[in-house]
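Hi,

Here is the structure I promised to pass on.

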Amino acid sequence: MPEARVVIDLDVPGPTISRHLYGHFAEHLGRCIYGGFYVGEDSGIPNERGIRLDVVEALRALNIPNLRWPGGCFADEYHWKDGIGPKADRPSMVNTHWGNVEENNHFGTHEFMALCELLGAAPYVNGNVGSGTVREMSEWVEYLTRDGDSPMVRLRKANGRDEPWQVPFWGIGNEAWGCGGNQRAEAYADLARQYATFLKDHGDNKLYRIAAGASNDDLAWTEALLKAVSCLGCGRDPKNIFQAISVHYYTIAGTWENKGSATEFGIDDYYRTMAKAQDIERIIRAHSALMDAYDPERKIGLVLDEWGTWWDVEPGTNPGFLYQQNAMRDALVASLHFDVFHRHAERLVMANIAQTVNVLQAMLLTSEDGGLVRTPTYHVFEMNKGHQDAAALPVHVLDMPSCSVDDTEISLLSASASVKDGRALVSLSNLDAETALDVVLDLRGESSWESSGRLLTASKPQAYNSAAAPDAVAPVPLTVEPEPRGLRVSLPPHSFATVSLVL
Ligand code: AHR
């Protein structure tokens, strides 16, 4: 069996892996909100204020740090005042981006805040720049976060909420180069400055303003935003206007028109997916390097607030609803993204998978009869949650197995590690579709530990969970054997594993 050696320096803690790298995204899209998170108070499905309790319970096990809402593209046509007050009085709208369906606004600001409270997640509200106004977004901040007395505070109180909420994260529009208004970079950069100026800190609620960033490796977009708040070598403090710049990157293994099936794919498709997923490292590195030039002290954060796999919708479902299955292959896309995130934790401060329930690379798939399935991706988030707010450790892979995909050489072992409170967590992904891999963990800097392991794999990379087989892909214990300088584990093909160490 092939063998690789993974050297980990347990006594060299690096940058903190922000828990916000494990963030989520919930858009008014398909069955993410309606039928996913929210079924309404009158539903037969157990709920609190209309929010599905089985969904909340499943997600609480992931320690979700923040939840981005209401979009996505939807954010730039959403008018928040339509989503407050008695539900019967809330006006409807057409969700033009996602299926042209009618949106009744029954899930609005108060419902979102109740959801965040149930999940224990910090709210990340994405405002409307594309079709909204500065005043509208500024009043939303006031409505949510101001204490005392003011027009928006009185409106909030009239709607049943006396105390302000803490809402730290604010997005200044979404994909402004596309569905957010087809804007030019320089024009949007000026708008972002203007909006940011009127998004105020009220009381002790300190805003973290996130400018809508680039798609993939569009460095010109990022540079325009950097130039709007800084200049090369001028010493101007860049973080006074907006505090972060976002970027979006989806793993699309096929073409935009023909993305491929989530569950019916061949081995070439599998490896092409791994190559596309690994490209996230080049993209984060490129944006980070540019940001280092304008902002060497790393005051501005990079936020990957949309990432994940994007396949053709499941046959027979609404093409505008982006409902897709989720296989063992998706789990590996997630696990290798996290390894990249951990390596870039100094600049990358937040990431949000798209999306949490029933849309794209979801954690949970629900059905109208009350069914709920945890996807393979869910298990990666759960197995990896010990990395949240831990210190990244240096990891070096020796004898890296690799293969070539088209003209690109890709690594077949992905790894990262962290330490927190006397416990280390090691994540390992064997990306080889067909061959098992022995991994020796060469542990340096400590001489004793207690170890345990968990393994996520399946009979084939196409395996997925469904109502009929909800645990076809679920974690099981992994045997961890001692080695003279560390530990040895055997990773089956297409598998993800974690090894926990009590130091
Ligand atoms: O996540 C689905 C969509 O993908 C989002 O609405 C948009 O921001 C992106 O293009």
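First, the ground rules. This is a predicted model, where local features need pLDDT of at least 70, side-chain atom pairs count only at pLDDT 80 or more, and totals for chains, interfaces and linings use all residues. Residues are numbered from 1 along each chain as its sequence is written, and side-chain values use heavy atoms, with hydrogens and water left out.

**The ligand**

The ligand sits in the second largest pocket. A pocket here is an open set of points on a 1 Å grid over the protein atoms alone, where a 1.4 Å probe fits and protein lies on both sides within 12 Å along at least five of seven lines; "sits in" means that more than half of the molecule's atoms lie within 2 Å of the grid points.

There are 13 residues around the ligand, and Glu 27, Cys 73, Glu 175, Tyr 250 and Glu 306 come nearest (a residue counts if one of its heavy atoms lies within 4 Å). By type, the shell has seven nonpolar, three polar and three charged residues. In that scheme Ala, Val, Leu, Ile, Met, Phe, Trp, Tyr, Cys and Pro are nonpolar, Asp, Glu, Lys and Arg are charged, and the others, Gly among them, are polar.

Now the polar contacts (pairs of N or O atoms within 3.5 Å). The side chain of Glu 175 has an N or O atom 2.8 Å from a ligand oxygen, and a polar side-chain atom of Tyr 250 is 2.8 Å from an oxygen of the ligand. For the side chain of Asn 174, the distance to a ligand oxygen is 3.0 Å. On its own the ligand has 280 Å² of accessible area, and the protein covers 94% of that (Shrake-Rupley, 1.4 Å probe).

**The backbone**

Most residues other than glycine have a negative phi, and most peptide bonds are trans, so exceptions deserve a look. The loop between β5 and β6 holds Pro 70 and Gly 72. The bond from Trp 69 to Pro 70 is cis, with omega near 5 degrees, and the one from Gly 71 to Gly 72 is cis too, with omega near 20 degrees.

Then there is phi. Asn 105, in the loop between β7 and α2, has a positive value of about 65 degrees and is buried, at 0% relative accessible area (buried is under 20%, exposed over 50%, partly exposed in between). Asp 389 has a positive phi near 65 degrees, but this residue is partly exposed, at 31%.

Cheers

Technical notes
Polar contact = N/O pair within 3.5 Å; in protein donor to acceptor, adjacent residues only side chain to side chain. 1 Å grid on protein atoms, 1.4 Å probe; cavity = no way out; pocket = protein on both sides within 12 Å on 5 of 7 lines; lining within 4 Å. Helix = DSSP H or I, 4+ residues; strand = E, 2+ residues; numbered from the N terminus. Buried < 20%, exposed > 50% of the residue type's maximum accessible area, 1.4 Å probe, protein only.
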